[in-house]
Amino acid sequence: VTDRVAVLGIRHHGPGSARSVLAELDRLQPAMVLIEGPADAAPVLPVAADPGLVPPVALLAYAPDAPRVSAFWPYAVFSPEWQALQWAAGHQVSARFCDLPASVLLASRGGEVDEAAGEEDEAARDPVAALAAAAGYDDPERWWDDLIESRLDGQSPFAALTEAMAQVRAAAARPGGQPHEQRREAYMRQVLRAALRDTARAGQGGPVAVVCGAWHAPALAGKLPPATADAAVLRGLPKRKAALAWVPWTHSRLAAASGYGAGITSPGWYQHLFTTPEHTVIRWLTRVAAVLRAHDLPVSSAHIIEAVRLAEALATLRGRPLAGLAEVSEATEAVLCDGDEHATGFVTRDLVVGEILGAVPDTAPAVPLDADLRAQARAAKLKLDPLEQALTLDLRTPGGRARSVLLHRLAVLGIGWGTAAEDQVRATGTFRETWALRWRPELVVAVIDAAPWGTTVAAAATAKIIDAAQAAGDVAGVSAAVESVLLADLPDALAPVLRALDAKAARDADVARLMTAVPALVRAIRYGDVRGTDTTALAAVVAALTARVCAGLPAAVSGLADDAAAGLRGALDGMQAALSLLAQDERGRDTRDRWLGSLGVLAGRPDVHGLLAGRAVRLLTEAGVLPRAESARRFAAHLSIGVPAASKAAWADGFLSGSGLLLVHDRDLLSILDDWLASLGDQDFTGVLPLLRRTFGGFAAAERANIGQAVRQLAGGAPGWDSPAELVDEGRAAGALRTVAAILGGAR
Amino acid sequence: LTTTTGKPLLRPHAEQVYAGELAALSAADDRTRPPSWRMSPQAVVTYLLGGTLPDGTGITPKYIGPRRLIEVAVATLATDRALLLLGLPGTAKTWVSEHLAAAISGDSGLLVQGTSGTAEEAIRYGWNYARLLAEGPSQAAMVPSPVLTAMAEGRIARVEELTRIPSDVQDALITVLSEKTLPVPELGIEVQAAKGFSVIATANDRDRGVNELSSALRRRFNTVVLPLPASEDEEVDIVARRVAELGQALELPEVPSAVEEIRRVVTVFRELRSGMTADRRTMLKSPTGTMSPAEAISVVTNGIALAAHFGDGVLRPADVAAGIAGTVIKDPVTDRGVWGEYLEAVVRERPGWADFYRACREVSG
């Protein structure tokens with residue numbers, strides 16, 4: 001029986017192995033090809049013959065009930081497994097995967113996202129590399145070329161390799177291997193036995209070729225042990241329902257650690273080795289030159305000639321028959337890049353890794369999330385278009401809202417199909433949203449990334465936002481998540497995210513951070529208004545948060561440096577603006593009044609930084625809590641002789657800054673300032689002039705001019721264009737007023 | 001190793017110091033040698049990086065650093081390309097160039113020292129004017145430059161500090177490196193290079209832009225950038241070896257176990273150079289001067305001389321303190337601040353460094 005089995009021990013992702021496998025398959029003309037890979041991938045294997053499936057691609061196995069439990073088996077064009085699949089498809093030979101089914105593998109996972117089965121031992125993970133390293137090679141592929149391909153004159157290298165590997169296995173620390181390894185090999189033998197039976201029954205005389213990692217070759221070659229022992233090893237393995245699908249992959253993801261243990265660091269070089277058997281070094285360095293020229297670095301043909309010579313001389317010096325990646329890289333650095341590491345960086349990025357994106361045909365079974373995304377996009381009448389297009393949505397219409405929700409959910413999942421125009425989202429007119437849509441091919445990878453979160457867009461976004469809220473570092477992060485929850489309409493996520501917010505707020509001692517969280521929440525309530533979401537829970541959270549802020553504020557404002565005070569002043573403004581918006585109902589007014597109360601305490605304390613005290617007085621004046629005369633008095637007091645200059649400046653700055661336009665239109669504020677200024681004596685005036693200059697210097701020139709004009713009117717001088725008493729024709733203005741009133745809510 | 005007058009040499013050439021190793025390597029070498037080479041490229045790499053020959057002869061490492069750099073350098077010379085060694089001051093550029101020339105041609109003396117005053121005669125040829133006037137132009141009246149000699153004999157010529165040479169003089173090398181010939185129009189002859197001729201040039205990274213190489217010249221060279229030592233242990237090793245060698249050459253009395261003090265000097269240098277303490281917790285300012293292994297070597301050698309002649313024969317913190325302060329403080333205003341800050345913030349707090357701190361304070365005031 002054994003002469004009907006041909007074991008082809010390969011190096012995963014080894015272009016040399018791939019070429020040898022192809023040659024060997026051509027020679028053997030096997031009746032069936034067994035390939036190391038999850039056996040339950042059988043239903044999706046025929047897709048490999050589809051020309052629409054372009055590597056790099058990966059087989060994804062996931063548990064349908066919990067998509068985060070998943071495993072990947074990536075293939076590049078130079079992967080021997082891929083080439084064996086292609087050979088079988090091209091020659092109408094049946095191919096089977098022979099490794100443990102994904103259902104068994106997933107059952108052994110604790111629910112964590114993890115990459116596919118990697119062997120523990122370094123030697124077991126890439127035994128060919130271990131052999132090559134023993135022979136003094138740092139590039140196992142060049143070792144394969146030197147020793148296996150160029151020296152065998154067409155003979156099969158695999159028998160010798162299996163023997164060598166038997167030695168490596170014998171020398172390994174655990175001869176029997178891990179239990180997991182034992183199970184895998186037992187399973188492979190069982191599949192092999194079945195394959196032998198099936199081909200014999202079908203009357204096919206050809207051998208069965210097994211393409212598997214070189215490490216496993218000795219376990220499958222030679223006379224097979226009795227089947228009963230293997231059956232015993234495999235009995236009672238836990239299983240879990242697994243679904244499999246092809247997904248597009250990229251070279252950079254191959255470069256990261258991947259399904260077969262160690263990742264490969266130079267997929268671009270391997271691809272070159274596989275696709276360019278002739279003049280490998282010369283063609284590579286020519287491509288390097290092209291890359292450098294594309295970056296405007298002058299490289300001539302003479303440079304390439306010298307680089308080829310240096311690479312070959314280096315190989316000779318090192319006793320290698322062929323130049324490998326190390327030699328060509330060093331030649332590139334010394335000759336083409338003048339020793340400049342930035343230039344060599346371009347080459348590494350563009351060529352050695354050489355980003356390529358694979359493709360999967362539409363007919364192939366897709367990842368459920370991908371299928372759902374496409375269905376949702378169809379339902380929302382959005383096309384996955386690679387050309388950028390602008391989209392303006394009216395959130396008051398159901399269609400506009402549905403689209404907005406879908407795009408926001410995708411944004412939560414990190415699938416950057418649409419980019420929201422930031423200022424419009426944050427603008428007060430919350431019924432409009434503007435998006436820029438562009439479907440980039442790489443987004444399929446983002447979809448794969450997001451796939452573990454769930455099978456539908458809504459479920460995945462819900463799972464991800466809850467996770468993000470729980471993992472967020474501070475309150476502001478969670479409140480951003482709350483906003484996303486409402487924007488993306490994920491009602492199931494609201495309660496857990498709010499719980500996370502409450503927990504964070506309880507533990508967060510930083511009042512400034514708590515304060516920055518409030519505006520986002522208030523915005524969220526307003527979105528809710530527009531979208532008709534129930535926001536009572538949210539309002540309760542805002543109230544609770546405000547209570548915490550009010551409790552913490554007195555302690556947080558003492559002993560601040562200028563920077564910290566300036567930061568906190570911004571937070572005060574944000575709180576005030578947000579809470580004023582909220583004060584439209586009973587509860588909102590309660591919340592705001594509590595806030596104004598603590599501001600009042602703040603304004604009265606002498607030990608608070610001037611920036612904050614000044615700003616608190618101003619906010620209170622605006623809110624109508626502090627009578628005008630009182631704020632005028634405080635203004636005068638704080639800028640009087642007994643206060644140190646620096647404090648005066650800070651107070652004036654806190655009171656006035658950012659209010660250039662306000663001074664133009666708020667006659668009360670302006671007259672406070674004007675009265676005070678007019679009452680100053682000569683000496684005092686000289687004293688405060690620099691402080692005022694400083695504050696007013698912060699206003700725009702046009703603002704200053706307008707303030708000047710307003711002051712002139714105040715003093716009864718020449719009337720300006722906006723003198724309130726004249727020029728208004730009530731009758732003609734009535735129409736406009738009605739429209740404005742309708743926009744503002746109609747009540748007033 | 002003595003001068004013609006019988007006095008001992010202050011600094012013998014590499015091929016003189018390591019004559020024994022070179023002979024042993026050459027004898028044991030059975031690989032193919034490029035034309036005119038004294039030994040095979042593999043043997044040259046062994047000479048620079050150290051190793052043991054089959055007959056048990058030990059070869060001391062001359063360069064401690066990445067093997068691939070030396071391999072690229074040797075392979076470059078084997079392909080008859082010129083080699084440009086770039087690096088910060090004190091990264092052993094000259095040292096590597098001297099040893100490469102010694103191993104390949106058995107002669108490291110064909111040297112052009114690049115300065116802003118280097119004239120074209122130093123690279124091409126000059127004339128013996130007395131003879132020129134007396135006999136008219138003839139080959140006997142010609143004074144060949146080291147480069148010309150190297151060409152005629154198929155040896156390695158060395159050009160030090162290439163970027164300090166004025167650009168028009170630099171460009172005299174272009175014909176030599178591309179055509180491998182040097183015409184002498186006065187005599188109507190040309191000198192063609194014999195096989196084995198090549199040029200090793202060194203240039204300082206800090207001098208970039210002084211006399212930047214023209215791109216025509218640049219592309220005749222393969223560039224190898226020599227880095228600063230990667231790890232503290234590597235740097236300690238370099239400094240300790242060189243100090244021991246220098247000590248022997250200068251016949252300083254033996255100073256026992258200076259490793260502790262060397263490690264301290266290296267630590268100070270590495271920290272100031274990188275602007276961060278070894279535990280990466282404190283940011284430091286870097287001084288204006290160079291803080292390479294070469295300076296560390298001279299500080300330690302100086303310290304050993306102090307310890308041997310004026311101290312108790314053991315290298316103490318006080319012996320290296322003055323040297324370190326002198327190396328760090330090149331600019332009297334800014335560097336003094338940098339050094340003071342380092343002393344107060346780092347040295348003072350470090351356990352076991354109290355002696356060193358006191359010694360430095362005494363020196364720096």
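In this predicted model, R270(B) and E235(B) are both buried, and the two residues form a salt bridge in which the closest N and O atoms are 2.7 Å apart. Side chains of opposite charge can pair when their charged atoms come close. Over all chains, a search of the whole structure finds 44 salt bridges.

Another group of charged residues is found around R318(A). This arginine forms a salt bridge with E327(A), where the closest N and O atoms are 3.1 Å apart, and both R318(A) and E327(A) are buried. R318(A) also pairs with E330(A), at 2.7 Å between the closest N and O atoms. Here, too, distant parts of the chain are linked, with E330(A) in helix α15 of chain A and R318(A) in the loop between α14 and α15 of chain A, 12 residues apart. E330(A) is buried, as is R318(A).

Which residues are linked with R318(A) in a network of salt bridges? The network holds R318(A), E327(A), E330(A) and E333(A) from chain A together with R67(B), R68(B) and E71(B) from chain B. One of the pairs that join the two chains is E333(A) with R68(B), whose closest N and O atoms are 4.0 Å apart. The salt bridges described individually in this report are collected in the table.

| Salt bridge | Closest N and O atoms |
|---|---|
| R270(B) with E235(B) | 2.7 Å |
| R318(A) with E327(A) | 3.1 Å |
| E330(A) with R318(A) | 2.7 Å |
| E333(A) with R68(B) | 4.0 Å |

The contact between the chains can now be considered as a whole. Chain A and chain B bury about 1500 Å² between them, and 57% of this area is on carbon and sulfur atoms. The contact takes 17 residues from chain A and 19 residues from chain B. Between the two chains the count is 6 salt bridges, and across their interface 7 residue pairs are found in polar contact, with both residues at pLDDT 80 or more. On the side of chain A that touches chain B, α14 (301–317) and α15 (325–336) of chain A each supply at least two residues, and α14(A) gives the most, with 9 residues. The residues of this side of chain A divide into 7 nonpolar, 4 polar and 6 charged.

Leaving aside residues up to four places away in sequence, M515(A) touches V549(A), L553(A), L568(A), A571(A), L572(A), M575(A) and W595(A).

Chain B has 16 helices and 11 strands, and buried residues make up 49% of its 365 residues. Of the contacts in chain B with a separation of 6 or more, 71% are accounted for by residues 24 or more positions apart. Why is helix α3 (residues 41–49) of chain B largely enclosed by the rest of the structure? The helix is largely enclosed because 8 of its 9 residues are buried; these are P41(B), Q42(B), A43(B), V44(B), V45(B), Y47(B), L48(B) and L49(B). Just after α3(B), G50(B) takes a positive phi of about 90°.

With a relative accessible area of 17%, D107(B) is buried, because buried means under 20% relative accessible area. A polar atom of the side chain of D107(B) lies 2.7 Å from the backbone nitrogen of G109(B), and the side chain of D107(B) also makes a polar contact with the side chain of R155(B), at 2.3 Å. Not counting residues up to four places away in sequence, D107(B) touches E15(B), A101(B), A102(B), R155(B) and I156(B).

Notes: Residues are numbered from 1 along each chain as its sequence is written. Chains are lettered from A and ligands numbered from 1 in the order in which they are written. This is a predicted model: local features need pLDDT of at least 70, side-chain atom pairs count only at pLDDT 80 or more; totals for chains, interfaces and linings use all residues. Side-chain values use heavy atoms; hydrogens and water are left out. Buried means under 20% relative accessible area, exposed over 50%, partly exposed in between (1.4 Å probe, protein chains only). Helices (H or I, at least four residues) and strands (E, at least two) are DSSP runs, numbered from the N terminus. Contact means heavy atoms within 4.5 Å. Buried area is the accessible area (1.4 Å probe) that two parts lose on being put together, summed over both. A salt bridge is a side-chain nitrogen of Lys or Arg within 4 Å of a carboxyl oxygen of Asp or Glu. A polar contact is a pair of N or O atoms within 3.5 Å; within protein, one must be able to donate a hydrogen and the other to accept it, and residues adjacent in sequence count only if both atoms are side-chain atoms. Ala, Val, Leu, Ile, Met, Phe, Trp, Tyr, Cys and Pro count as nonpolar, Asp, Glu, Lys and Arg as charged, and the others, Gly among them, as polar.
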